[in-house]
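The sequence and the coordinates come first.

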Amino acid sequence: MKTLTLRNRIEGNSTIVDNDFIDHYMAKANGEYVKVYLLLLRHLNAQDSSLSISNLADCLECTEKDILRALKHWSKAGLLKIDYDESGSICGLAIGKGLSDTKMPEETAGILEGGAYSSTKNKKQTVPGMVSENQDKLRQLYFIAEQYMGKPLSISDIQKINYFFDTLHFSTDLIEYLIEYCVENGHKSMHYMESVALAWADEKITTVAKAKESTSLYHKNCFAVLKAFGISGRNPAPVEVNYIKKWTDEYGFTLDVILEACNRTIANTSKPDFKYADSILTNWLSKDVRSLSDITRADLAYRQEKAPKKRTPVRTASVSGNRFHNFEGRSYDIGSLEQQLLNTH
């Protein structure tokens, strides 16, 4: 194969990309991350360049979350320095090799240096051997969380994130997905995020892949039940979610069995009624129903139990054709009767 000859026809107004970036960083990076890096280089020396996360997202026709992930990647790679203001919000970027992020506000930095906070106490607890690598990871999480939540993090918010990292032992990627998942479903409360995190910990979820599998199953079950009930255009209410989790997690029913209970609820009540469906499923659980065939068996047993019992016919004595059979028959002498009639005359 012939080699390619390159000729330079570029005249000024150019963006310089360091060869070290091309040789050692570009090939290993996501293509979208490379776009963000090149765009930052493009604006590096531009006069009166005013950038924001939203500006970058609009320019590359992607989401702000995509931009944040790219910034996080290049910061970890040591090619980008993220500056924070006193509130902990991003206020500047610097491009270069071997850079690290500036410290966050003193109040926040104190949490990183001294250790993590317990989620149930305000007393600071020292975490022996907490290295700068973990501090950097947590700093990145604070930055990502702020962008998702659209506000500076409070000390309480930071405590929760530290709790996910230090106590639940979630990876930074899993915590980031936790925040993303909750916010995208309309929940920016850190208290709500903690409840989801605790549920994941109970399920032994340790990776983003497992978390996505769990949330996908959750959505599938919830919206299948709502559809069976004829409900659309909204998310399930908390009490409805509790019922569905009870049926799937506690009772261990498969989705087809649950949907059959929903269908029977509509047939019998003409309305969506989670309590009525729960009574059906509780009854099936007591009868060891686990599949649709088990339901058929239970229905047959119920019909046989409720069917009227056949009575044994009672035999009656044969009846004579004479309707006066209850009277004794009498015998008469016709000749004697005639003689008596003649004598009277």
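## Loop residues with positive phi

Lys 204 is exposed, at 65% relative accessible area, in this predicted model. Its place is the loop between H9 and H10. The phi of Lys 204 is near 65 degrees, a positive value in a residue other than glycine.

His 169 also has a positive phi, about 60 degrees, and is not a glycine either. This residue lies in the loop between helix H7 (155–166) and H8. With a relative accessibility of 64%, His 169 counts as exposed, because the cut-off for that class is over 50%.

## Two further loop positions

His 187 sits in the loop that joins helix H8 (172–184) to helix H9 (190–202). Its relative accessibility is 29%, so His 187 counts as partly exposed; the class covers values between the buried limit of 20% and the exposed limit of 50%. Not counting residues up to four places away in sequence, His 187 touches Cys 182, Tyr 192 and Met 193. Met 149 is 38 residues away along the chain, and its C-alpha atom is 9.2 Å from that of His 187.

Apart from neighbours within four places in sequence, Ile 231 is in contact with Leu 226 and Pro 272. Pro 272 is 41 residues from Ile 231 in sequence, with a C-alpha to C-alpha separation of 8.1 Å.

## Helix H2

Helix H2 (residues 31–44) has 14 residues. From first to last C-alpha H2 reaches 20 Å, close to the 20 Å expected at 1.5 Å a residue. Asn 30 caps the N-terminal end of H2, with a side-chain oxygen 2.7 Å from the backbone nitrogen of Glu 32.

The buried residues in H2 include Val 34, Val 36, Tyr 37, Leu 39, Leu 40 and Leu 41. An α-helix has 3.6 residues a turn, so residues three or four places apart point the same way. Which elements cover the buried residues of H2? The cover includes three helices, H1 (19–26), H3 (53–60) and H4 (64–77), together with strand E1 (80–84) and strand E2 (90–95).

## Packing of H11 against H13

Helix H11 (residues 238–250) packs against helix H13 (residues 274–286) at an angle of about 10 degrees, and the axes are 11 Å apart. That angle makes H11 roughly parallel to H13, because angles under 35 degrees fall in this class. On the H11 side the contact is made by Glu 240, Tyr 243, Ile 244, Lys 246 and Trp 247. The H13 side contributes Phe 274, Lys 275, Ala 277, Asp 278 and Leu 281. By class, the contact of H11 with H13 has six nonpolar, no polar and four charged residues.

## Packing of H12 against H14

How are H12 and H14 oriented to each other? The angle between helix H12 (residues 255–269) and helix H14 (residues 292–306) is about 45 degrees, with the axes 9 Å apart. The two helices are therefore oblique to each other. Asp 256, Val 257, Glu 260 and Arg 264 of H12 meet Leu 292, Ile 295 and Asp 299 of H14. The residues in this contact of H12 with H14 divide into three nonpolar, no polar and four charged.

How values were computed:
Residues numbered from 1 in each chain as written. Predicted model: local features only at pLDDT ≥ 70, side-chain atom pairs only at ≥ 80, totals over all residues. Heavy atoms only, no water. Helix = DSSP H or I, 4+ residues; strand = E, 2+ residues; numbered from the N terminus. Buried < 20%, exposed > 50% of the residue type's maximum accessible area, 1.4 Å probe, protein only. Contact = heavy atoms within 4.5 Å. Axes fitted to C-alpha atoms, helices over the stretch in contact; angles between N-to-C directions. Parallel < 35°, antiparallel > 145°, perpendicular 65-115°, else oblique. Nonpolar A, V, L, I, M, F, W, Y, C, P; charged D, E, K, R; others polar. Expected span 1.5 Å × (residues − 1). Polar contact = N/O pair within 3.5 Å; in protein donor to acceptor, adjacent residues only side chain to side chain.
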